[in-house]
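Hi there,

Here is the structure I promised to send over. Have a look at it first, and then read on for my notes.

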Amino acid sequence: MMKIRKSFRSTLKSMTLALMIFSTTSCNLVPDYKRPDASISQQWPMGPAYGAPLPKDSNLPQAYNVGWKVFFRDPVLSELISMALANNRDLREAIENITASHASYMRQRGDLFPTVNYSAGASYQTSPGKTLGGMRGYTHWNQLSTGFGVSNYEIDIFDHVRSLTKAARESYLQQVESTLSVQISLISEVANTYMAWLADCDSLRTVQESLHNRERNLQLIQGMHTYGQQNAQAVAQATELLQEARSQEQVYQKTVANDLNSLTLLIGQPIPQSVLQKAGPNPSLDNFVSMPEVASGMPSDLLERRPDILLAEHQLKEANANVGYARAAFFPSIQLTTSGSTAGATFAQMFGPYSAAYTFMPKITVPVIDEGQNLAQLRTAKAKVRAAAAHYQKVIQSSFKEVADALAARTTLKEKWKAESDNVKASQTDYRLSYARFRNGIDSYISTLTAQRTLLTAQVSSIQARLQYMQSLSTLYRTLGGGWSAENAFQTYQSNGKKLNTQVDKSKQ
């Protein structure tokens, strides 16, 4: 009997091991993944809007190799970005979603392996009855048991569980790329908002300077009116010009306050005054540390670097894995329940002869009639693959457009800023000459009024043009896939393209 029991135990182990090996080496019903055609040009657009190609473009660092601390070199901005990465609630939510998604993946992955459970139990039962001598009494039963078992383990011969595991892994990787997208966008938004705050501070000071000049002009005209040198219309025009400047002052005071509110929201906490004080008593774009030039690279670089493109590709891979799951529904499902235990009325009997108990219960479920449900599920899964492929291509094309727009903005906005600066110089000359002619009685105050309005408009337009150009550099850096690391990914460069030192970024290892 002992030999029979040992032989049965050995057979049971061999069968279980064989089934597990067969499960792990079974056929793969998930279709082979092939990346769809990007359907974009191999070169960036050329033309007047994009300017001449950068000289020695290969010597400039690629955007994705330049850490945000290297690109955004302004010390105040760098500190604000660090605070945002630590406290921004959108980024914090995305990071927690990574943790949850990874846990879901690990839970699904656990279904590939059998779950072994240990159990122990004891029972005591008393019931009325008759003894051996015919006397009425009670009958007692004791039962102790302990053992290990596997319950409802699916032997994944036809890739049912493995398909779900692949889909769960791709879902987890989607969340990782989504978080990187949130981080890159957050860095760019903080930079653009901070630069907008500096520009609006410049505009506010410009309006206030114009306001002071108009107050002096009004006092002058009022004095001249007292002595009959100017009429009441000139006083009214000067007053109108003054009130116009006061209205603009309030507008820019509100805009500056709104910029700080937006910056506070992005950072996720009140901005310490010690940080803002580092921008100086008069925050200005003139004191902002400029951003270095980066190479545009090749359009194909976006496929390997931009998180939103990688996210779309993981969505496509998840849909592809779900096709394998839908195919597996056409094949039998095999589940195994097995256990080994010992039992006895006393503790000593539990480990004595004839106390062992074994169960081996495989169950197979074969789909026979499902009214076309499995076929419909497969068609749905394939349609979602085609939809995900179209979405992936659309994301690539949108990314290509964003980079092309940013390249055009880098050139055109720089020229616009230059033109606006020249316009300011011309307007200053016009105002100076008009005011001089007015003081000497050659022209009326109308020409001076017009020149002063034109000058203020030109000055504010020049500040905004400069802001747009600087923001276009930040946008180009983001669209090229930069901003996922703090330091350089591979090399640190000077602005002239020469290497300073070589270092390896550990953030993605």
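Let me start with Gln-62, which counts as buried because its relative accessible area is 18%, under the 20% cut-off. Please keep in mind throughout that this is a predicted model. Gln-62 sits in the loop that runs between α1 (2–24) and α2 (68–71). What does Gln-62 contact, once its neighbours within four places in sequence are left aside? The partners are Ala-295, Ser-296, Gly-297 and Asp-301.

Another residue in the loop between α1 and α2 is Ser-39. Ser-39 is partly exposed, with a relative accessible area of 41%.

Asn-152 also has a positive phi without being glycine, and here the value is near 50°. This residue belongs to strand β2, which covers residues 136–155. With a relative accessible area of 48%, Asn-152 is partly exposed.

The largest nonpolar core has 64 residues, and the members that touch the most others are Phe-72, Leu-80, Val-190 and Tyr-194. Which helix gives this core its largest share? That is α5 (residues 160–226), with 13 residues. Apart from this core lies another one, also worth a look, of 13 residues, including Leu-218, Met-224, Leu-242 and Tyr-445.

Finally, a word on Met-361, found in strand β4 (residues 356–365). Is Met-361 buried, partly exposed or exposed? Its relative accessible area is 48%, so Met-361 is partly exposed, as that class lies between the 20% and 50% limits. Beyond its neighbours within four places in sequence, Met-361 is in contact with Gln-335, Leu-336 and Thr-337. For the pair Met-361 and Gln-335, the separation is 26 residues in sequence, while the C-alpha to C-alpha distance is 8.4 Å.

Best wishes

Methods:
Residues numbered from 1 in each chain as written. Predicted model: local features only at pLDDT ≥ 70, side-chain atom pairs only at ≥ 80, totals over all residues. Heavy atoms only, no water. Core = buried A, V, L, I, M, F, W, Y, C linked by side-chain atoms within 4.5 Å. Buried < 20%, exposed > 50% of the residue type's maximum accessible area, 1.4 Å probe, protein only. Helix = DSSP H or I, 4+ residues; strand = E, 2+ residues; numbered from the N terminus. Contact = heavy atoms within 4.5 Å.
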